There are 2 protein chains.
Amino acid sequence: MDSINLEAQGASDATRAVAEALKECRKTGIRKITFSPGRYDFHPAQAGERYLYVSNNDEGLKRIAFDLREVNDLEIDGGGAEFVFHGYLCPFVVEKSSRITLRNFSIDFARTFHSEGRIVSVDAEGMELSFSENFPYEIRQGILVFTEGSKNLKEQTTVSSGEVLFPYSSLLEFDVKKRETAFMVKDFWAPAGLPARQLASGHIKLVYPGIEGTPGNILVFGAARRDCPGLVISDSKDVVLEGIQLLHCGGMGVIAQCSRNIYLNQLKVVPAFKRGRMVSITADATHFTNCSGKITLQDCRFENQKDDAVNIHGIYTGISRKLSEECLEVRWMHPQQFGLDFIVPGVELEFVRAHSLITYAALEVKSVLPINKEFVQVTFTQPLPMGLVEGDVLACIQDNHPEVLISGCRFRGNRARGILLGSRGKILIENNVFQTAGTAILLEGDGRFWFEQGGVRDLTIRGNTFDNCNYGIWGEGVIAVSSGIEEKERMKIRYHQNILIEKNIFRQFDSSPILSVYSVSHLIYRDNQEEQSTAYPAMRAPGPRFKMSDSDDIQIMR
Amino acid sequence: MDSINLEAQGASDATRAVAEALKECRKTGIRKITFSPGRYDFHPAQAGERYLYVSNNDEGLKRIAFDLREVNDLEIDGGGAEFVFHGYLCPFVVEKSSRITLRNFSIDFARTFHSEGRIVSVDAEGMELSFSENFPYEIRQGILVFTEGSKNLKEQTTVSSGEVLFPYSSLLEFDVKKRETAFMVKDFWAPAGLPARQLASGHIKLVYPGIEGTPGNILVFGAARRDCPGLVISDSKDVVLEGIQLLHCGGMGVIAQCSRNIYLNQLKVVPAFKRGRMVSITADATHFTNCSGKITLQDCRFENQKDDAVNIHGIYTGISRKLSEECLEVRWMHPQQFGLDFIVPGVELEFVRAHSLITYAALEVKSVLPINKEFVQVTFTQPLPMGLVEGDVLACIQDNHPEVLISGCRFRGNRARGILLGSRGKILIENNVFQTAGTAILLEGDGRFWFEQGGVRDLTIRGNTFDNCNYGIWGEGVIAVSSGIEEKERMKIRYHQNILIEKNIFRQFDSSPILSVYSVSHLIYRDNQEEQSTAYPAMRAPGPRFKMSDSDDIQIMR
């Protein structure tokens with residue numbers, strides 16, 4: 001037998017059948033699982049589980065539908081099948097595996113982790129909203145709570161109910177006509193939920209003085225947590241995702257960490273408009289942390305997700321204490337990086353000033369003593385560098401600078417930005433179309449807030465169309481640097497180097513910057529076409545198209 | 001060296017020193033750790049962590065201060081030291097260990113997991129409350145949130161903040177003069193938090209139409225979760241806890257599961273009145289699940305905790321599906337029992353009807369295939385019994401029926417009941433004083449709600465004083481049965497057998513029952529003294545002192 005084929009079985013739970021098929025592949029060496037066309041439902045009850053640390057998502061004990069752990073040479077071909085997940089279940093996890101191909105299926109959830117209400121009216125007290133049956137809710141003791149739809153009939157007790165709920169922590173308005181974040185709209189925060197009243201009309205009144213919104217538009221209640229990312233790739237290599245339609249998941253779409261060679265072809269992160277949804281997934285469409293080899297995104301679409309489309313970066317860990325001449329206490333600084341134990345004997349770490357991002361030393365790790373997911377004690381093969389201070393940060397030197405190709409992709413409708421970049425590998429961003437609310441391509445990196453390592457060395461941005469980007473509040477400049485370098489330090493470092501921007505179309509509805517950069521050396525801007533449009537009102541005060549400071553060897557040829 | 005002694009080091013974190021001392025004991029075979037008098041602070045940052053399933057508390061990845069895993073023959077003598085814990089940290093975990101003695105220290109937390117407000121006034125909209133600096137709070141977008149006290153200055157983002165908060169899910173009024181739950185008060189529920197407004201006076205207005213309370217009394221915001229129980233004993237034997245004062249923890253006080261021979265001597269669960277607190281700990285004082293050997297509670301005090309003082313029971317797991325003639329899918333039915341994997345090859349399980357608690361068969365387990373923390377597939381050595389239906393429940397026969405001695409203990413001020421009993425071992429409850437808001441001694445057991453196995457076979461209740469119990473709503477009868485047996489089934493089973501009640505004092509402020517039992521056989525009530533008091537208003541309608549049904553061989557000798 002060359003492959004295992006699974007058949008759709010009506011509404012029954014396909015979770016065990018998939019688990020059995022994966023077990024059979026392990027046992028027999030079969031390298032392919034195929035699906036007959038149709039819909040397959042997956043419930044958490046019968047899914048295996050493991051505690052997972054997933055970068056930039058929320059850690060936890062997770063139920064997993066397709067659990068590919070320590071699997072080599074396997075292809076899963078959905079044959080166009082629809083995979084529909086229920087509740088808190090992670091669709092795919094590929095961990096410590098290699099040569100894995102996943103193709104030709106869609107991922108959706110029966111009930112979304114976010115919720116969407118239609119804005120009826122706004123006044124000083126708050127907002128009147130109506131919800132479709134897709135977003136069931138209750139008002140409990142005056143608080144708006146999103147549910148699975150079935151009334152919880154259990155007696156209330158002093159213990160946790162185990163009920164499945166969908167907590168929210170932020171609100172964002174989407175334009176129903178343009179199907180994108182509303183023009184210049186900002187996030188409203190609701191870290192503890194919000195008070196609300198049920199109205200006789202069937203609508204609700206959300207109590208939130210100062211909230212803004214346009215009647216008819218959609219107010220999205222952003223998921224408070226990122227528990228169920230779509231496809232997790234961890235400590236793996238040679239992973240191909242092809243022809244996957246990701247309609248929804250409760251976290252990032254594709255999150256790869258500590259992995260090598262990831263190829264995404266025709267990945268479509270798109271909202272199920274036909275099912276009455278404005279938003280696709282609840283966080284970044286794709287995210288790559290401490291990856292290496294080559295990352296390719298080819299002919300993908302990223303629409304209406306609740307955060308950036310692509311983010312490629314390393315991790316800065318913090319020096320929390322010097323324990324001896326060779327030994328440091330090291331701390332993971334961002335709770336969503338906890339547990340990523342890439343600091344192992346033999347790894348070379350660079351020592352970096354948090355406020356300037358200047359690298360001042362590099363040492364090899366001799367041994368590691370873990371304290372918990374947040375702290376480790378690291379002993380180096382040589383004495384610690386002079387001038388080391390607590391608060392400096394550390395990043396991996398090897399296995400952290402993938403080559404990147406992003407080509408033929410479309411970016412639109414989502415919150416925040418298009419591509420966030422940080423890799424010293426060769427990067428080519430070519431023939432894409434960006435219609436992003438914020439900056440289209442952002443050169444990031446900081447050691448004090450997100451602790452994401454960046455710094456490009458060879459970046460080409462060629463043949464792209466930047467079509468009326470920056471209609472939202474998330475950035476300044478279509479292509480921009482926002483690395484966390486203190487202003488007074490910016491002259492001392494060239495964090496980003498060798499950037500070629502050519503043959504692109506920049507279509508702008510106002511006079512905000514095409515380029516806004518600092519701490520850069522060797523940047524060439526040439527053969528680009530600049531167009532003016534009236535797609536949105538020009539509200540920003542006119543300013544320079546090219547904002548540059550603390551940089552050298554910049555050639556702007558218009 | 002016979003022992004390791006630790007010295008108090010001011011306010012510095014003692015967590016690493018304790019971890020190092022425990023490591024040293026393992027390495028060298030030293031069998032004793034002592035503490036010099038003083039205060040020792042423990043913070044979660046430097047604590048090790050493990051994922052723990054703790055019966056009737058909340059599972060999770062937990063930081064642990066005193067982590068005794070796979071330790072034999074160790075005594076920790078606090079010498080009167082005060083151990084003060086900060087944030088989400090479990091004080092003591094004893095797991096897979098034997099011959100462990102912990103003695104002579106107090107356990108407290110810098111910030112309690114519950115919060116207490118003084119009732120200023122009550123009206124149709126809700127309640128005005130004032131909070132001392134012991135219970136810091138903020139009102140965020142209209143919702144009352146309890147904090148650690150330091151203002152969170154982090155920028156709000158779409159990701160979880162990692163901030164330490166103290167969520168609540170229930171409200172309960174305490175009488176400030178009597179220092180106990182207010183007379184006949186009921187729980188108010190707040191599963192999603194509550195709306196509130198800050199008032200210019202410094203008080204807050206809690207929005208909760210219908211809430212009741214007396215100005216001057218304390219409203220306790222009960223902790224929503226039980227993440228940090230005080231002393232966890234799991235899969236261990238011969239554990240002695242002696243002279244421990246438990247002022248606070250975020251869960252149950254002592255929770256023992258799947259363990260043998262537990263001796264509690266002079267354990268004091270008491271509130272820190274001097275630190276301005278009404279409530280001691282946030283859940284049951286002590287709880288024993290699937291334990292065996294002997295459980296002894298000698299000269300203990302249980303005051304003002306947020307739930308029962310003692311609960312001793314087994315676990316009923318559910319039959320969720322018949323997979324073959326020998327194989328069942330078994331489900332843990334209560335989320336706070338998940339992960340307790342006591343079903344292992346060789347164990348004998350009894351088959352029980354959930355609605356009648358009648359045992360109809362017993363079989364030995366041959367093999368177990370775990371699916372996740374909630375489901376396992378169990379294969380038996382013989383074919384499944386005839387007449388088995390899904391929904392029936394299973395319980396361990398061996399290692400689940402400890403002998404119990406509870407003597408010289410005082411029970412007062414807490415929410416709910418005194419002792420909940422379920423063990424077929426010999427039980428003696430002697431020379432205790434009960435001033436409980438609910439039933440003093442409750443014979444439990446049910447297979448449909450809490451899934452706690454009970455059923456006594458040899459219970460003596462002797463020489464106790466029942467001093468004006470049942471001044472609250474939690475039960476009927478000073479000694480009562482509330483097993484989950486459907487009314488029409490009660491005649492068919494004698495779930496509790498051989499009960500002797502003698503030489504006790506029953507002091508009653510009204511004419512509510514001394515005894516309220518059903519499905520019992522062989523009960524003798526003799527030589528008891530019954531007194532009438534005026535301690536509380538007699539509000540209940542007069543009724544029989546002895547309510548009995550569906551029982552036989554009952555001798556009431558007054």
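Guide: At the interface, 52 residues of chain B are in contact with 51 residues of chain A. The model is a predicted one, and side-chain atom pairs are counted only at pLDDT 80 or more. The size of an interface is often given as the accessible area lost when the parts come together. For chain B and chain A that buried area is about 4200 Å², and carbon and sulfur atoms give 56% of it. On the side of chain B, the residues that lose the most area to chain A are Q141(B), T158(B) and W189(B); together these three account for 16% of what that side buries.

The specific contacts across the interface come next. Between chain B and chain A there are 2 salt bridges. One of them joins E374(A) to R63(B), with the closest N and O atoms 3.3 Å apart. As for secondary structure, strand 4 (48-52), strand 5 (60-69) and strand 12 (143-146) of chain B each give two or more residues to the side that touches chain A. Strand 4 of chain B gives the most to that side, with 3 residues.

The aromatic side chains form a further topic.

In chain B, F109(B) and F113(B) make an edge-to-face pair, with 5.1 Å from centre to centre and 70° between the planes. F109(B) is buried, its relative accessible area being 1%, and F113(B) counts as buried at 5% relative accessibility. In chain A, one aromatic cluster has among its members F35(A), Y40(A), F109(A), F113(A) and F166(A).

Rings in chain B also take part in arrangements with charged groups. The charged end of R353(B) sits over the ring of Y360(B), at 3.8 Å from the ring centre. Likewise, R490(B) places its charged end over the ring of Y518(B), 3.6 Å from the centre of that ring.

Finally, the backbone of chain B deserves attention at two residues. R99(B), which is not a glycine, has a positive phi near 50°. This arginine is found in strand 8 (residues 98-109) of chain B, and at 40% relative accessibility R99(B) counts as partly exposed. D553(B), again not a glycine, has a positive phi of about 55°. Its place is in strand 50 (residues 552-556) of chain B, where D553(B) is partly exposed with a relative accessible area of 39%.

Note on methods
Residues are numbered from 1 along each chain as its sequence is written. Chains are lettered from A and ligands numbered from 1 in the order in which they are written. Side-chain values use heavy atoms; hydrogens and water are left out. Helices (H or I, at least four residues) and strands (E, at least two) are DSSP runs, numbered from the N terminus. Buried means under 20% relative accessible area, exposed over 50%, partly exposed in between (1.4 Å probe, protein chains only). Rings of Phe, Tyr and Trp (its six-membered ring) pair if their centres lie within 6.5 Å; planes under 30 degrees apart count as stacked, over 60 as edge-to-face and the rest as tilted. A charge sits over a ring if NZ of Lys or CZ of Arg is within 6 Å of the ring centre and within 35 degrees of the ring normal. Contact means heavy atoms within 4.5 Å. Buried area is the accessible area (1.4 Å probe) that two parts lose on being put together, summed over both. A salt bridge is a side-chain nitrogen of Lys or Arg within 4 Å of a carboxyl oxygen of Asp or Glu.
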